[in-house]
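Please look over the sequence and the structure below before reading on. The briefing that follows takes up the sheet, the helices and the aromatic rings in turn.

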Amino acid sequence: MKKILITGGAGNIGGSLAKRLVEDDDNFVVIVDNMLTGDVSKLPLQKENWKFIKCDVNNYKDISAVMLAYSFDYVFHYAAVVGVQRTLANPILVLNDIDGIRNVLNLSKNTGVKRIFYSSSSEVYGEPVESPQNELTTPLNSRLPYAIVKNLGEAYFRSFYQEYGLEFTIFRFFNTYGPMQSVDFVISKFIVAALNNQPITIYGDGSQTRTFCYISDNLDMTIKTWQEGHFINDVVNVGSDDEQSVLSMAQLVVNVLNSKSEIVHLPPLKEGDMARRKPDVTKMRKVLGRELVSLKEGISRVAAFLK
């Protein structure tokens, strides 16, 4: 039986991954989360091959007790402070996540972990110098603590491999959404507003572009990467290359859900709202070998769940 640790496992992506992994009875999954933004509703149900432990990975005593007790084969380190507004409002809390990265790496190298998977972010690209954003181009031009921590985290993983031979894979996630996503993130926020015919608010004129990755595409990519041995000691973008302006995305939500919501423009954010986001997902498409879930289909799936 493979013993797997998921940090941040009561969140959108971590919780979704846990539910998929426990479907295989050959996996035993330990989920840890400090429940700052996690929720028990995102944990698996009706299976016995998993355990949840409330734990702060940024506290060495907390996480060391877990990792020393189980001697995991694989670790998915997904714990982090997330959300644009939350990370802007709590910069010290964001910087504390460096402790969690260091704790997990030090404990992994000493307890026989075979490979760690790290949830990095599109934010490492800062204000991009090219489009689409390729894994080899990371300009390091962002001033925001969240992006700085993700960049530093990537450097830690590479350094631990070089120094100790601890194998890793870095996933750079681009706006992953799905039924379990909190309603303070853009897609879920827009869908909830549209279902209730309430105003949909966007910052600025809405010309800033994003891509949105449905959770099943993220999970399929993650699990195939793990099981088939792709991108060992490497980095890969995980997202969609269907680039949409925030305004057009809001309009699509209204149209798909046949909503009466009005689109309301707010003043632009002072920081944190990058002009463009579009990953080069050549590697991801090759691994999946299929088309990605369209934004229209993803909106419909989330709306059906929320109804």
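## Helices on the sheet

Helix α5 (residues 97–110) lies across β4 and β5, and α5 runs at about 175 degrees to β4. Helices (H or I, at least four residues) and strands (E, at least two) are DSSP runs numbered from the N terminus, and angles, from 0 to 180 degrees, are taken between N-to-C directions of axes fitted as lines to C-alpha atoms, for helices over the stretch in contact. This is a predicted model, in which local features need pLDDT of at least 70 and side-chain atom pairs count only at pLDDT 80 or more, while totals for chains, interfaces and linings use all residues. Residues are numbered from 1 along each chain as its sequence is written, and side-chain values use heavy atoms, with hydrogens and water left out.

**The sheet**

- Seven strands form an open sheet in the order β3-β2-β1-β4-β5-β6-β11, with parallel pairing, where two strands pair if DSSP finds at least two bridges between them.
- Because β3 (50–54) and β11 (234–238) stand at the edges with a single partner strand each, one side of each is left without a neighbour in the sheet.
- Strand β2 (residues 27–33) pairs with β3 in the parallel sense over five bridges, and Asp-33 has Lys-54 in β3 as its bridge partner.
- Helix α8 packs on this sheet, touching β1 (2–7), β2, β4, β5, β6 and β11, where contact means heavy atoms within 4.5 Å.

**Aromatic rings**

- A search of the whole structure finds 17 aromatic pairs, counted when ring centres of Phe, Tyr and Trp (its six-membered ring) lie within 6.5 Å, with planes under 30 degrees apart called stacked, over 60 edge-to-face and the rest tilted.
- Tyr-74 and Trp-226 have ring centres 5.6 Å apart and planes at 75 degrees, so the pair is edge-to-face.
- This pair links distant parts of the chain, with Tyr-74 in strand β4 (residues 74–77) and Trp-226 in helix α8 (residues 215–228), 152 residues apart.
- Phe-117 and Phe-171 form a stacked pair, 5.9 Å centre to centre with 10 degrees between the planes.
- Both Phe-117 and Phe-171 are buried, where buried means under 20% relative accessible area, exposed over 50% and partly exposed in between (1.4 Å probe, protein chains only).

**A residue in helix α1**

- Ser-16 is found in helix α1 (residues 12–21), and Ser-16 counts as buried because its relative accessibility is 8%.
- Leaving aside residues up to four places away in sequence, Ser-16 touches Gly-11, Met-180, Ile-215 and Leu-219.
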